[in-house]
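Notebook, opened to record what I looked up in this structure.

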Amino acid sequence: MCGGERFEPDNAAYCPSGDFVTRDAHLMRSGYARGDAWVYLVISHEWGHAVQNRLRRGLVSPAAELRADCLAGAALYGSSDDGTLRFEDGDEQELVDAFEVIGDRAPWTRPGDHGSAVQRLRTFSRGGEKGARACFT
Ligand SMILES: [Zn+2]
């Protein structure tokens, strides 16, 4: 539940009123079957929405979903750079594959909701290579 509303099944979300990230267990299990990087990607995307919620409104653009992907890349690669997180062999390919699945043709997204798989991966990579500041230029 978030602000009196029940979350959609088979999705993950950031709840602004409660300031927490949550996820559906089935979504995590089915994604994990493709590789553990899935879990990191989904949670870091929602983490990106939590970051957006802390920003002044003027910094939050209509392209909020792609920006959350950019921040997800900044969070994961930043964590790798400072040693908090270690990428295993195959994780980066799993991330590429995950974007193929969660691009706008996924059943829980409508066209235009999140961007195409190519747009999402490109934006995620920009955050990963250049850091969070690059997500706001
Ligand atoms: Zn989102």
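I looked up the neighbours of aspartate 69 and found that, leaving out residues up to four places away in sequence, it touches His45, Phe99, His114, Arg120 and Phe124, where contact means heavy atoms within 4.5 Å. I note that this is a predicted model, in which local features need pLDDT of at least 70 and side-chain atom pairs count only at pLDDT 80 or more, while totals for chains, interfaces and linings use all residues. Residues are numbered from 1 along each chain as its sequence is written, and side-chain values use heavy atoms, with hydrogens and water left out.

Aspartate 69 is found in helix α3 (residues 64-81), helices being DSSP runs of H or I with at least four residues, numbered from the N terminus. Aspartate 69 counts as buried at 0% relative accessibility, buried meaning under 20% relative accessible area with a 1.4 Å probe and protein chains only.

I then followed His45 to the metal: the zinc ion is coordinated by His45 (NE2), His49 (NE2) and Glu65 (OE), at 1.9 to 2.1 Å. Donors are N, O and S atoms within 2.8 Å of the metal (3.2 Å for Na, K and Ca), and sites may look incomplete because water is not among the atoms. The donors follow the spacing H-x3-H-x15-E along the chain.

Histidine 45 and histidine 49 both lie in helix α2 (residues 37-53), four residues apart, about one turn of the helix. I checked their accessibility too: histidine 45 is buried at 5%, and histidine 49 is buried at 14%.

Technical notes
Helix = DSSP H or I, 4+ residues; strand = E, 2+ residues; numbered from the N terminus. Buried < 20%, exposed > 50% of the residue type's maximum accessible area, 1.4 Å probe, protein only.
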